[in-house]
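Colleague: Before I use this model, I would like to know what stands behind the labels. Please set each value against its cut-off.

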Amino acid sequence: MRQLIEYLKANRDHLMIDADAHATDIVKCPRRNTPHYYHGRPLSAEELIEEMNLAQVSMANIWQNPASTLYTTDPEENHSNLLEANRYIHQSALNHPTRFIPSGWTDPKACGIPNACRIAEKCVTEFGFLIVKMNPAQNQYPIDSPAVIEVLDCIVELGAIPAFHYGADSPYTPASGLATIARRHPNHPVLAVHMGGGGAGYVEAEEQYQQSRELGLQQPNIHYALSALRDTHIESNIRAYRGEASRRLFCASDAPYGRMSWNFGGFRAMLKTMNLDPQPYLGQNFADFILAGYEHLHSKRK
């Protein structure tokens, strides 16, 4: 990760970074034989780079695509499959060290708690990942369940940053659950991806949008990736998070669940109409977040 860190330090003032994108080894998980988009349609790392170039995005934080990692009833097989998906992310970052910030993924339900902790440890200590994510919504377990808390503690003990799919698209990730996660380690950052959105309907998401905005202002260790979130609420969030709080918001697309060129075109236009400097939201905030995280991770290992 040394090359990544040095690149971020040298270029943080002008990088455009997508804080949430998913890459898939489509050789091992081929796309369906249809010209039409379908939810979660996989993109390879190289296809993501093509989209990044179109969107004028310098770098992307990538993790595996949960729609492309198939689970069985066997925790050991699930452990193997998820580890292989993480390995692809690692290799993609090695192949494109100035385009990708690699992040990990684990699952206490499908893999079991011991395997989930082993995946987290391998992601951090062998692959060099700073962030390890869990997806309570898609994988159907409460964000503040005892199993999640155990894996959360493991990630924090490693010195890494825990991340969560956090949306109103399922009953598994309420604002109260994220509050429990954030308050367990109040001096350690948590990345909540989607800021309460995640593809939920307008009416269903409204309460959680409001709760998420207030929760993040109350809990300064919560950082939000603004992907899969209604544009009007993105604007409200940016207006509410001023000063130091504004540094905890990151623009993101959720590619391939969202189109990167569409999202970053919208972010740029919105920030212009708000008469705000776009650079912090479009990349600098996330670069600083990653640099601070790696500094903590390295100090933890000394």
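Colleague: In which sense do strand β4 and β5 pair, and over how many bridges?

Modeller: Strand β4 (residues 104-105) runs parallel to β5, and 2 bridges join them. Two strands pair if DSSP finds at least two bridges between them, so β4 and β5 qualify. One of the bridges sets Trp105 against Lys133 in β5. The model is a predicted one: local features need pLDDT of at least 70, side-chain atom pairs count only at pLDDT 80 or more, and totals for chains, interfaces and linings use all residues. Residues are numbered from 1 along each chain as its sequence is written, and side-chain values use heavy atoms, with hydrogens and water left out.

Colleague: What makes both faces of β5 count as covered?

Modeller: Strand β5 (residues 131-134) has Ile131 and Lys133 on one side and Val132 and Met134 on the other, and all of them are buried. Buried means under 20% relative accessible area, exposed over 50%, partly exposed in between (1.4 Å probe, protein chains only). Over the whole protein, 59% of the 302 residues are buried.

Colleague: Which strands form the open sheet, and in what order?

Modeller: There are 3 strands in it, ordered β1-β2-β3, with parallel pairing. The twist from one strand to the next averages 35°. Strand β2 (residues 59-64) is held to β3 by 3 bridges, and Ala60 stands opposite Phe100 in β3.

Colleague: Which helices are said to pack on this sheet, and what do they touch?

Modeller: Helix α1 (residues 2-11) touches β1, β2 and β3, and its direction makes about 130° with that of β3. Helix α3 (residues 75-95) also touches β1, β2 and β3, at about 160° to the direction of β2. Contact means heavy atoms within 4.5 Å. Angles run from 0 to 180 degrees between N-to-C directions, with axes fitted to C-alpha atoms, for helices over the stretch in contact.

Colleague: Which residues have the most contacts inside the largest nonpolar core?

Modeller: They are Leu8, Ile131 and Tyr224, in a core of 100 residues. Helix α12 (residues 279-301) contributes most to this core, with 9 residues. Such a core is a set of buried Ala, Val, Leu, Ile, Met, Phe, Trp, Tyr and Cys residues joined through side-chain atoms within 4.5 Å. Leaving aside residues up to four places away in sequence, Leu8 touches Leu15, Ile17, Met59, Ile101, Ala287, Ile290 and Leu291.

Colleague: Why is Pro189 called partly exposed?

Modeller: Pro189 has 22% relative accessibility, and therefore counts as partly exposed. Pro189 is in the loop between α8 (175-184) and β7 (190-196). Beyond four places in sequence, the residues it touches are Ile161, Pro162, Asn221, His223 and Phe289.

Colleague: How do you know whether the radius of gyration agrees with that of a compact globule?

Modeller: For 302 residues, a compact globule would have a radius near 19 Å; the protein has 18 Å, which agrees. The radius is taken over C-alpha atoms, and the globule rule is 2.2 Å times the number of residues to the power 0.38. Along the principal axes, the C-alpha atoms fill a box of roughly 50 × 45 × 40 Å.

Conventions
Helices (H or I, at least four residues) and strands (E, at least two) are DSSP runs, numbered from the N terminus.
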